[in-house]
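Subject: Structure handover

Hello,

Please find the structure below, followed by notes on what was found in it. Keep it open while you read.

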Amino acid sequence: MELTFFIAAAVAVLATIMVVTQYNLIHALLYLVVSFLAISVVFFTLGAPFMAALEIIIYAGAIVVLIIFVIMMLNLTQEDIQHEKEWLKPRIWIGPAVLSMILLVELVYIFTADTPDTYRSTPVEAQAVGMSLFGPYVLGVQLSGMLLMAGIVGAYHLGRQKKKVIHRFLERTEA
Amino acid sequence: MNTLPMEYGLLLAGILFVIGLVSLLIRRNIIFMLISVEIMLNAAGLAFIVAGARWAQPEGQVMFIFIITMAAAEVSVGLALILQLYHNLKTLDSDAANLMHG
């Protein structure tokens, strides 16, 4: 069962190297999702199933989708229909697909294996994490809430487009 | 239940962190730089999870939740900054933003 950790680790390193060597942002993000999935499998083998779920939901779900939205909003001009056609070639998605298949086979093996040592170490369940999070670390939770509030306000303030309030008469004289 | 040696997990976290750091240093596309920061934060969280699994304590996972919260806040503010940069400079090159208005 140690093999599951090493395969997932190899997939993670390989996918991360592919992320930083790509020139196309969408291709890099495709490999980035695979990297997060591999690290999630590593968390699972280390006995942190709740963190594995959080890794997929927040990193591979929320953050990557946010970056994709911004790339779409930027509306990069050189990426036209021809690029769009190039993106759908099999050699683009065959790499992430193969790496994801490795992870899927590994996960199915972990769930179907009857050996009691599914986890490489003693699992720490979500209940213990919650008790610790809202016990001794409740101050950190409150600070996280303040940080998220500051993030929302900052993102709203920075992302707002400056609206020019100019009277019709002034606009015509300027132009 | 024989546990995996802690060194392998920490080695994986170190490799991922170094990949992210090198990418942050050599890339000039600002979205790639943001992705590199995400990789580095993820590697730091992995190190916390490995350490928490070594002693079977929940503190490592608590720290990972804090790191993931911080990464979410950081990426939202960073993407807002990228939108402003692209709106003003019409490019994603971080070297283009080396002049001050003043």
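How many residues does the contact take from chain B and from chain A? The contact takes 51 residues from chain B and 61 residues from chain A, where contact means heavy atoms within 4.5 Å.

Before the rest, some ground rules. This is a predicted model, in which local features need pLDDT of at least 70 and side-chain atom pairs count only at pLDDT 80 or more, while totals for chains, interfaces and linings use all residues. Residues are numbered from 1 along each chain as its sequence is written, chains are lettered from A and ligands numbered from 1 in the order in which they are written, and side-chain values use heavy atoms, with hydrogens and water left out.

The two chains

Chain A has eight helices and zero strands, and chain B has three helices and zero strands. Helices (H or I, at least four residues) and strands (E, at least two) are DSSP runs, numbered from the N terminus. Along the sequence, chain B reads α-α-α. The radius of gyration of chain B is 17 Å, well over the 13 Å that the globule rule gives for 102 residues, so chain B is more spread out than a compact globule. That radius is taken over C-alpha atoms, and the globule rule is 2.2 Å times the number of residues to the power 0.38. Taken along the principal axes, the C-alpha atoms of chain B fill a box of roughly 60 × 25 × 20 Å.

Buried residues make up 50% of the 102 residues in chain B and 38% of the 175 residues in chain A. Buried means under 20% relative accessible area, exposed means over 50%, and partly exposed is in between (1.4 Å probe, protein chains only). Among contacts between residues at least 6 apart in sequence, 59% in chain B join residues at least 24 apart; for chain A that share is 73%.

The interface

The size of an interface is often given as the accessible area lost when the parts come together. Chain B and chain A bury about 5,200 Å² between them, 80% of it on carbon and sulfur atoms. This buried area is the accessible area (1.4 Å probe) that two parts lose on being put together, summed over both.

Which elements give two or more residues to the side of chain B that touches chain A? They are helix 1 (6-26), helix 2 (30-54) and helix 3 (59-89) of chain B. The largest share of that side, 23 residues, comes from helix 3 of chain B. By class, the side of chain B that touches chain A has 36 nonpolar, twelve polar and three charged residues. Here Ala, Val, Leu, Ile, Met, Phe, Trp, Tyr, Cys and Pro count as nonpolar, Asp, Glu, Lys and Arg as charged, and the others, Gly among them, as polar.

Between chain B and chain A the count of salt bridges is zero. A salt bridge is a side-chain nitrogen of Lys or Arg within 4 Å of a carboxyl oxygen of Asp or Glu. Five residue pairs are in polar contact across the interface (both at pLDDT 80 or more). A polar contact is a pair of N or O atoms within 3.5 Å; within protein, one must be able to donate a hydrogen and the other to accept it, and residues adjacent in sequence count only if both atoms are side-chain atoms.

Some residues to look at

Arg27(B) sits in the loop between helix 1 and helix 2 of chain B. Is Arg27(B) buried or exposed? Arg27(B) is buried, with a relative accessible area of 12%. A polar atom of its side chain lies 2.7 Å from the backbone oxygen of Val20(A). Not counting residues up to four places away in sequence, Arg27(B) touches Val20(A), Thr21(A), Gln22(A), Tyr23(A), Phe32(B) and Met33(B).

Thr16(A) is in helix 1 (residues 2-21) of chain A and is buried, with a relative accessible area of 1%. The side chains of Thr16(A) and Ser35(A) make a polar contact (3.1 Å). Among the residues that Thr16(A) touches are Leu16(B), Ile19(B) and Ile39(B).

Phe66(B), in helix 3 of chain B, counts as buried at 17% relative accessibility. Phe66(B) touches residues of chain A including Leu133(A), Tyr137(A) and Ser144(A).

Ala56(B) lies in the loop between helix 2 and helix 3 of chain B. Its phi is near 55°, a positive value in a residue other than glycine. Most residues other than glycine have a negative phi.

Regards
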